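Have the structure open while you read.

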There are 2 protein chains.
Amino acid sequence: MNFQNLIKEFKKKGYKLTPQRRIILEILSEEKHISAEEIYERIRSSQPNVSFGTVYRNLNILLELGLIKQLDFKDGRTRFELNEGHHHHLICLNCGSAVEIQSCPFSSEVQKAAISQNFSIKSHSFKVYGYCRNCNYKKEKKGDRKGEQRN
Amino acid sequence: MNFQNLIKEFKKKGYKLTPQRRIILEILSEEKHISAEEIYERIRSSQPNVSFGTVYRNLNILLELGLIKQLDFKDGRTRFELNEGHHHHLICLNCGSAVEIQSCPFSSEVQKAAISQNFSIKSHSFKVYGYCRNCNYKKEKKGDRKGEQRN
DNA sequence: CTTCTAAATAGGAATGGTTATAATTTAAGA
DNA sequence: TCTTAAATTATAACCATTCCTATTTAGAAG
Ligand SMILES: [Mn+2]
Ligand SMILES: [Mn+2]
Ligand SMILES: [Zn+2]
Ligand SMILES: [Zn+2]
């Protein structure tokens with residue numbers, strides 16, 4: 001969904017279109033996997049008095065509307081992206097960057113396991129942790145690192 | 001790994017065996033997917049002056065030793081379990097309970113995607129969100145609910 | 001264009017899980 | 001029993017996120 005459609009969708013739900021909201025939608029349209037703080041900092045360049053409350057409140061509205069998704073890359077902050085096609089991420093344990101992969105491993109075997117438990121599936125999360133192209137390269141000369149993360 | 005072996009492993013690494021540590025290992029041996037606060041409350045019944053610092057410090061040591069794993073079920077608190085066989089979870093959006101599934105969906109297709117990106121895989125996380133047997137049953141008479149979570 | 005007001009924002013305080021600090025206690029080896 | 005490095009307790013600090021409320025404003029109505 002592009003910027004203009006986001007605006008339209010937002011107004012259609014009866015929300016007012018404030019400058020702060022317009023900028024948040026702009027930022028989300030042009031950058032994936034962005035944190036609330038990053039959004040806050042960017043808005044400040046045009047709206048110096050914007051508050052964190054405004055950023056979080058609007059991100060939560062966008063989540064309720066289903067226009068964005070929340071992501072957790074295990075670096076202590078929630079990240080956000082527009083709710084476009086289903087995909088997963090390769091997340092670098094060293095630099096925190098994420099590469100998107102379109103391949104989805106959700107299998108009929110998992111489906112069966114859920115059915116056998118009378119569990120009704122609403123969504124799933126799949127993440128791969130490791131070292132990205134760039135950090136692999138650096139490791140060759142600087143020595144190894146370990147990665148611990150919550151699953 | 002059972003309780004006695006955990007103790008042995010812990011001492012072998014040069015750590016002192018305190019009563020607090022013994023109890024933490026006991027609790028972890030008998031309960032899966034337990035939070036720091038739950039551990040803290042349980043220890044208090046035999047060690048009333050135990051502090052949160054002790055709980056967190058020792059959980060972090062156990063993580064470093066690779067004896068336990070960290071889990072995130074999206075309810076705001078980190079959970080822990082002994083590092084036994086590789087498995088995944090069906091997580092209930094209503095009651096927060098988790099059912100373990102042995103089926104792992106990690107596929108050669110994902111492997112290929114990683115290779116094509118020069119990404120070296122260290123681990124992966126797969127979680128299924130939905131409603132458990134018990135909450136499904138309740139929903140039939142009480143009306144539906146929605147679930148939003150970080151992926 | 002002006003008025004009106006429900007909705008939104010700014011600024012700051014509060015929250016909650018987790019980590020850090022420093023004084024005191026203790027496990028365990030000599 | 002002595003000794004001491006390591007561990008614990010109690011408390012403060014941290015930090016992402018949420019809450020509170022006085023003030024501002026988008027957009028509807030006249
Ligand atoms: Mn993405
Ligand atoms: Mn488990
Ligand atoms: Zn998928
Ligand atoms: Zn797996």
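This is a predicted model: local features need pLDDT of at least 70, side-chain atom pairs count only at pLDDT 80 or more; totals for chains, interfaces and linings use all residues.

**The zinc site in chain A**
- Which residues hold the zinc ion (ligand 3)? Look for His86(A), His88(A) and His124(A), each using its NE2 atom, plus Cys104(A) with its SG.
- These donors sit 1.9 to 2.3 Å from the zinc ion.
- The angles among the 4 donor atoms run from 104 to 116°, and the site is tetrahedral.
- For comparison, the ideal angle for four tetrahedral donors is 109.5 degrees.
- Read along the chain, the zinc donors are spaced H-x1-H-x15-C-x19-H.
- Buried or exposed? His124(A) is buried because its relative accessible area, 13%, is under 20%, whereas Cys104(A) has 30% and counts as partly exposed.

**The manganese site in chain B**
- The manganese ion (ligand 2) is coordinated by His33(B), Glu81(B), His87(B), His89(B) and Glu100(B), at 2.2 to 2.3 Å.
- The histidines use NE2 here, and the glutamates use OE.
- Their spacing along the chain is H-x47-E-x5-H-x1-H-x10-E.
- His87(B) is in the loop between strands S3 and S4 and Glu100(B) is in strand S5, so this pair ties together parts 13 residues apart in sequence.
- His87(B) counts as buried at 13% relative accessibility, and Glu100(B) counts as partly exposed at 22%.

How values were computed: Residues are numbered from 1 along each chain as its sequence is written. Chains are lettered from A and ligands numbered from 1 in the order in which they are written. Side-chain values use heavy atoms; hydrogens and water are left out. Donors are N, O and S atoms within 2.8 Å of the metal (3.2 Å for Na, K and Ca); water is not among the atoms, so sites may look incomplete. Four donors count as tetrahedral if all angles lie between 85 and 135 degrees; four count as square planar and six as octahedral if opposite donors are over 155 degrees apart and all others between 65 and 115; anything else is irregular. Buried means under 20% relative accessible area, exposed over 50%, partly exposed in between (1.4 Å probe, protein chains only). Helices (H or I, at least four residues) and strands (E, at least two) are DSSP runs, numbered from the N terminus.
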